Amino acid sequence: MTNRFLGFGLGLRAPHFEQIIAEKPAVDWFEIISENYFVAGGKPWHYLNKIRSDYPIVMHGVSMSIGSTDAINKDYLNQLKNTIARVEPQWVSDHLCFTQVGGINSHDLLPMPYTNEALEHLANKISQVQDYLGREMIFENVSSYLTYNASQISEWEFLAQLHKQTGCKFLMDVNNVYVSARNHDFNAMDYLSAIPSTAIAQIHLAGHQDFGTHIIDTHDEDVPDAVWDLYAQYAKTLGPVSTMIERDDNIGSLDDLITELEHAKTLVKPFWDIRA
């Protein structure tokens with residue numbers, strides 16, 4: 001997989017379908033939630049087929065649970081593979097976490113313990129999934145609110161080792177790094193700098209709820225100044241990486257999201273060779 005630079009994109013959300021089709025806004029690409037399209041037809045596909053004729057699409061899953069000790073869900077992978085064939089995305093991503101264990105779904109993105117055992121487990125799972133799908137995937141870092149006593153190394157050392165062992169690439173959610181850094185009192189740039197820039201295939205920017213003593217990753221707010229500052233600092237260490245605004249609740253207007261996207265472009269233009 002190459003780090004193809006698509007430009008600056010948005011998460012594709014239902015309230016914006018008709019406006020996107022009618023106005024064809026200046027957005028370079030869209031990211032869809034994979035599981036929303038695990039259906040044969042209906043409105044999601046009606047709109048997506050129109051939009052993907054004008055824009056590149058990437059797929060982003062929330063339910064693979066790659067880190068679980070449960071066996072890989074072949075029914076899920078089959079649905080994902082069929083959806084990939086229909087969408088023809090630029091790439092496919094999911095989260096570096098587990099969502100279920102013992103057949104029980106937590107409906108949350110739970111962080112991994114950072115141990116050698118977990119590293120070997122993930123490397124094997126990633127190999128199995130990619131072999132089944134017949135393509136490489138990228139994996140997103142998740143935000144966290146707890147740590148494990150069993151962890152032997154930091155999260156960023158874990159990711160760097162996973163990349164070294166498997167060659168897998170990452171969707172770096174800068175907001176998630178900021179949230180975890182505040183919650184666990186580490187330096188966000190230490191985290192970001194530890195991952196080889198060639199391992200970064202995509203970037204997410206989003207908002208959160210700040211309660212002073214801790215932060216909750218909600219993805220329902222504008223990107224805050226602290227995350228913009230971290231993104232700008234991080235961009236200095238990277239070549240151009242496809243970047244998008246992710247909004248999962250309190251969606252707001254498409255115009256407002258595009259304004260945020262233009263701000264992202266303005267911040268990185270001094271460091272990246274991109275068009276105005």
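User: A charge sits over a ring if NZ of Lys or CZ of Arg is within 6 Å of the ring centre and within 35 degrees of the ring normal, so which face does K81 lie over here?

Analyst: K81 lies over the face of Y132, at 5.4 Å from the ring centre, and another case is R86, placed over the face of W45 at 3.7 Å from the ring centre. This is a predicted model, in which local features need pLDDT of at least 70, side-chain atom pairs count only at pLDDT 80 or more, and totals for chains, interfaces and linings use all residues. Residues are numbered from 1 along each chain as its sequence is written, and side-chain values use heavy atoms, with hydrogens and water left out.

User: OK, on to H95: where is its place, and is it buried or exposed?

Analyst: H95 belongs to strand β4, which covers residues 92–95; helices (H or I, at least four residues) and strands (E, at least two) are DSSP runs, numbered from the N terminus. Its relative accessible area is 5%, so H95 counts as buried (under 20%, against over 50% for exposed and partly exposed in between, with a 1.4 Å probe and protein chains only).

User: Let's change topic to β8. How many of its residues are buried?

Analyst: Strand β8 runs over residues 169–173, and five of its five residues are buried. K169, L171 and D173 point one way, while F170 and M172 point the other way, and all are buried. In a regular strand the side chains alternate between the two faces of the sheet.

User: What about I138, is it buried or exposed?

Analyst: I138 is found in strand β7, and it is buried, with a relative accessible area of 0%. The C-alpha atoms of I138 and Q202 are separated by 8.5 Å, although these residues are 64 residues apart along the chain.

User: Now β2, which strands does it pair with?

Analyst: Strand β1 (residues 8–11) and β2 pair in the parallel sense over three bridges, with F30 as the bridge partner of L10. Strand β3 (residues 57–60) also pairs with β2 in the parallel sense, over four bridges, and F30 stands opposite I57 there.

User: And which residues of β2 are on each side?

Analyst: W29, E31 and I33 are on one side of β2, with F30 and I32 on the other, and all are buried.

User: How many aromatic pairs does a search of the whole structure find?

Analyst: The search finds 13 aromatic pairs, and one of them, W156 with Y191, is tilted, at 5.7 Å centre to centre with 50 degrees between the planes. That pair links distant parts of the chain, since W156 is in helix α5 and Y191 in helix α7 (residues 188–194), 35 residues apart, and both W156 and Y191 are buried. Rings of Phe, Tyr and Trp (its six-membered ring) pair if their centres lie within 6.5 Å; planes under 30 degrees apart count as stacked, over 60 as edge-to-face and the rest as tilted. F5, F8, Y231 and W272 form one aromatic cluster.

User: Last one: what is the phi of K24, and where is its place?

Analyst: K24 has a positive phi of about 45 degrees although it is not a glycine, and it lies in the loop between α1 and β2, partly exposed with a relative accessible area of 47%. N250, also not a glycine, has a positive phi near 50 degrees; its loop is between β12 (243–245) and α9 (254–268), and N250 is partly exposed, with a relative accessible area of 48%.

Notes. Pairing = 2+ DSSP bridges.
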